[in-house]
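Trainee: I would like a close look at a single part of this model, with the rest only as background.

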Amino acid sequence: MAQEQIQVQEQKQQQVQRLSQQQMLQVKLLEMPLTELEESVNAELDDNPALERGDEKSDFDENAETAETTGDDFDSQQEEEERQDALDTALERLQSDEDLPTFEGSRQNYNADYEEIVYGDTTSFIDKLNEQVGERVLTEKQRGIMEYLIGSLDDDGLLRKDLDIIADELAIYHGIDCTEEEIDGTLHILQDFDPPGIGARTLQECLLLQVERKLQTGQWKADEQLYQYIREILTNHFDAFTKKHWGKIKSALSLSDIQVKTLQNEILKLNPKPGSSMGETMGRNVQQITPDFIVDTEDDGTISFTLNHGHLPELHVSRSFNEMLAGYKENKQSMNKQAKEALLYVKEKVDRAQGFIEAIRKRRNTLYLTMKTIIDIQRKFFQDGDEADLKPMILKDIAERTGLDISTISRVSNIKYAQTRWGTFPLRFFFTDSYTTEEGEEMSTRKIKVALKEVIDRENKKKPLSDEALTKVMKEKGFPIARRTIAKYREQMSIPVARLRKE
């Protein structure tokens with residue numbers, strides 16, 4: 001039987017939210033870090049003749065560029081349209097660390113929730129390796145292979161691709177016909193570059209390359225036996241080494257406790273990520289980080305902060321364009337078609353310039369309000385620099401105090417940095433969740449993690465504490481949290497289980 005199609009008309013009330021072009025510009029500029037904003041401003045200056053550089057500071061700059069925080073309440077100057085901003089911002093943090101020994105050479109540390117930001121130039125470790133290529137005598141074919149190998153390294157400086165795959169890619173994309181043996185020979189030349197360990201295909205090969213370099217440079221010449229033991233461990237007992245089964249290694253090589261300790265100290269000086277050792281930012285291959293806020297803390301506890309304007313110029317609408325617009329408007333009635341088209345062009349450019357200046361002003365105002373509130377809430381941290389003093393604080397807390405939307409606060413805190421007396425931190429560092437105990441007490445998760453890390457750092461490494469034992473110790477310290485919470489926080493800080501922490 002054929003089905004009958006019926007059209008039904010109904011009324012439905014639905015709230016549809018659309019952002020104006022000006023709001024979209026404000027959102028875009030708000031998300032930008034300072035260096036990207038500078039590029040955007042320069043591009044707008046080149047594109048819009050009605051927008052010009054100026055030397056005079058605006059009223060906003062005079063009043064809000066520098067602020068001394070006193071903890072008093074303040075009124076938001078954002079208009080209602082800012083509250084209507086409903087674009088969602090997602091921040092994902094993916095961490096994937098292996099359960100391996102902690103190498104001093106890699107400068108690894110188990111931080112509670114953040115990675116400290118460092119400064120450096122914009123040169124990548126790839127550029128530094130290419131500079132070393134010019135110092136070697138290579139054929140054109142070897143040079144082509146070498147450049148491709150360098151471009152195939154990951155940020156740690158290791159080569160994760162198989163040589164047969166590299167041979168196919170060189171033939172297909174670069175027209176270089178070569179064998180795996182030729183690639184392997186060129187790779188061995190690359191592995192002779194600085195820093196030692198670069199171009200290794202595995203962690204084991206990376207560490208062995210560094211051991212061989214130490215021997216070549218005579219660093220272990222005084223103790224040949226030390227070199228032999230380390231090479232034996234990394235070659236034939238590497239699995240036991242990565243799992244920290246030093247008891248098995250001790251028995252297999254008939255070592256004393258003193259010898260084991262000496263070998264541990266020497267091996268852990270090696271760097272499993274040689275690419276990240278080439279300068280402060282080279283291993284990351286990222287741009288220099290510029291703080292958006294400069295926070296100053298005086299010895300008496302007074303805190304003040306400044307918005308970092310970098311190389312941003314003061315902007316104003318061109319006087320000549322304003323005069324043209326006023327002149328056209330006065331003679332609007334007697335205009336011909338060409339004059340009206342000129343009026344529309346001038347008006348469009350002036351409106352766009354005014355909108356851009358307003359968006360910059362609102363960005364500064366929003367950043368000022370947000371940072372002032374963060375300092376008001378986390379005042380104790382800014383005074384003493386103790387991470388354990390960070391109070392539970394989420395985006396909603398800042399939004400409620402400033403009257404701004406949560407999505408606006410999210411944009412401000414994303415890819416923005418604050419330079420303080422205690423270091424340079426991403427704004428996300430100052431946000432921390434709370435943990436409510438069975439007794440109803442609210443505690444900062446950051447403070448709990450700091451305390452947990454201190455307990456683990458001070459434990460007997462020959463008999464490391466299990467999660468159950470850590471739960472008891474933390475309870476004695478005033479942190480009554482469940483065992484599963486201990487395990488979760490330990491994993492978030494990339495601290496391995498007790499078995500893998502044993503030395």
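Trainee: Helix α10 covers residues 224-236; how many Å does α10 reach from its first C-alpha to its last, and what is expected at 1.5 Å a residue?

Mentor: The model is predicted, so everything here is computed from predicted coordinates. Helix α10 has 13 residues and spans 18 Å between its first and last C-alpha, close to the 18 Å expected at 1.5 Å a residue. Seen along the axis of α10, the buried residues lie within an arc of 165 degrees, so they line one face of the helix. Those buried residues are Leu226, Tyr227, Tyr229, Ile230, Ile233 and Leu234; buried here means under 20% relative accessible area. They pack against four helices: α9 (203-216), α11 (238-242), α12 (246-253) and α13 (257-267).

Of the 503 residues in that chain, 45% count as buried. Among contacts in the chain with a separation of 6 or more, 70% are between residues 24 or more positions apart. The chain exposes about 28700 Å², and carbon and sulfur atoms supply 44% of that area.

For an element of the other kind, take strand β4 (residues 303-307), where four of the five residues are buried. Strand β4 pairs with β3 (residues 293-297) in the antiparallel sense, over five bridges. One of the residues involved is Ile294, whose bridge partner in β4 is Thr306. Five residues lie between the strands of this hairpin, and Gly301 takes a positive phi near 95 degrees.

Note on methods: Residues are numbered from 1 along each chain as its sequence is written. This is a predicted model: local features need pLDDT of at least 70, side-chain atom pairs count only at pLDDT 80 or more; totals for chains, interfaces and linings use all residues. Side-chain values use heavy atoms; hydrogens and water are left out. Buried means under 20% relative accessible area, exposed over 50%, partly exposed in between (1.4 Å probe, protein chains only). Contact means heavy atoms within 4.5 Å. Accessible areas come from the Shrake-Rupley method with a 1.4 Å probe; for residues, only the protein chains shown count as cover. Helices (H or I, at least four residues) and strands (E, at least two) are DSSP runs, numbered from the N terminus. Two strands pair if DSSP finds at least two bridges between them. The expected span of a helix is 1.5 Å times one less than its number of residues. The arc is that of the directions from the helix axis to the C-beta atoms.
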